[in-house]
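Student: I am new to this structure and would like a close look at one part of it. How many salt bridges does a search of the whole structure find, and which side chains meet there? Please go on from there to the parts around it.

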Amino acid sequence: MSTARTRRARPGGDRRRTSSRPVRAGSRATSADSRPGRRTTRTSTRATTTRRGPRFSGRAVLLGVLVLLLALTLAGPVRQYVAGRQELAELAAQREQLSQHAADLQAQLDRQADPAYIAQQARERLTYVLPGDRLVVVGDAGDPGDTADAPADDTDADQDVPWYEGLLDSLASADGDPAGSGG
């Protein structure tokens, strides 16, 4: 009897399962591997050489192109929409400013319609006086009729004297020398 039959029986029967695929020319075992009684293990060609598909399928590329095209198509109108909203906000702020200015002008018109306000402005701006009132005008020190600060000697005012000569002249006049330092 053969040694193959004396071994333990396999749970599916005695028959070995063989593939119905044809064997390739280069895949036959060599003479050293084909010894009788030697067990050979088969390795799946799928397990050792895993074939990867392309990273992106045609559908994914087409979907990406369509999304990009849609984004480029919508970019212009979205930009115009945002610019329009910003312009509306600016116009609303300008409208509020103009309505405030119109309210101020209306209040000024209402004040100018009041006779008491007109009389007050006439007194302040035009120096009008009601009959029986007394008008007092206080002049400043620089008025043309004021002679308190007029220079005594016109020749000193016309010529430019260095500051140190002016200082020496003032010291000489303080000492009682009426001619000045003179040099």
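Tutor: A search through the whole structure turns up 1 salt bridge, a term for a side-chain nitrogen of Lys or Arg within 4 Å of a carboxyl oxygen of Asp or Glu. Its partners are arginine 95 and glutamate 96, whose side chains meet at 3.5 Å, N to O. Arginine 95 counts as exposed because its relative accessibility is 55%, while glutamate 96 is partly exposed at 47%. For these words the cut-offs are under 20% relative accessible area for buried, over 50% for exposed and partly exposed in between, with a 1.4 Å probe and protein chains only.

Before we go further, a word on what you are looking at. This is a predicted model, in which local features need pLDDT of at least 70 and side-chain atom pairs count only at pLDDT 80 or more, while totals for chains, interfaces and linings use all residues. Residues are numbered from 1 along each chain as its sequence is written, and side-chain values use heavy atoms, with hydrogens and water left out. The score pLDDT is the predictor's confidence in each residue, from 0 to 100. Its mean for the protein is 77, with 60% of the residues at 70 or more.

Now step back to the overall build. The protein has 6 helices and 0 strands; helices are DSSP runs of H or I with at least four residues, strands are runs of E with at least two, and both are numbered from the N terminus.

Helix α3 covers residues 58-112 and holds tyrosine 81. Tyrosine 81 is exposed because its relative accessibility is 55%. Along with Leu70, Leu74, Val78 and Val82, Tyr81 makes a nonpolar surface patch of about 510 Å². Such a patch joins nonpolar side chains (Val, Leu, Ile, Met, Phe, Trp, Tyr) within 5 Å, and like charges are joined within 9 Å; its residues have over 30% relative accessible area and no salt bridge.

Further along comes α4, with 12 residues and a reach of 16 Å from first C-alpha to last, close to the 16 Å expected. That expected span is 1.5 Å times one less than the number of residues. Just after α4, threonine 127 takes a positive phi of about 50°, although threonine 127 is not a glycine. Most residues other than glycine have a negative phi. Threonine 127 sits in the loop between α4 (115-126) and α5 (154-158), and its 47% relative accessibility makes it partly exposed.

Finally, look at helix α6, residues 163-175. Its 13 residues reach 19 Å, close to the 18 Å expected. Glycine 176 follows α6 with a positive phi, near 105°.

The structure also holds 1 aromatic pair. The ring centres of tryptophan 163 and tyrosine 164 are 6.0 Å apart with planes at 85°, so the pair is edge-to-face. Rings of Phe, Tyr and Trp (its six-membered ring) pair when their centres lie within 6.5 Å; planes under 30 degrees apart are stacked, over 60 edge-to-face and the rest tilted. Tryptophan 163 is exposed at 69% relative accessibility, and tyrosine 164 is partly exposed at 45%.

Conventions:
Accessible areas come from the Shrake-Rupley method with a 1.4 Å probe; for residues, only the protein chains shown count as cover.
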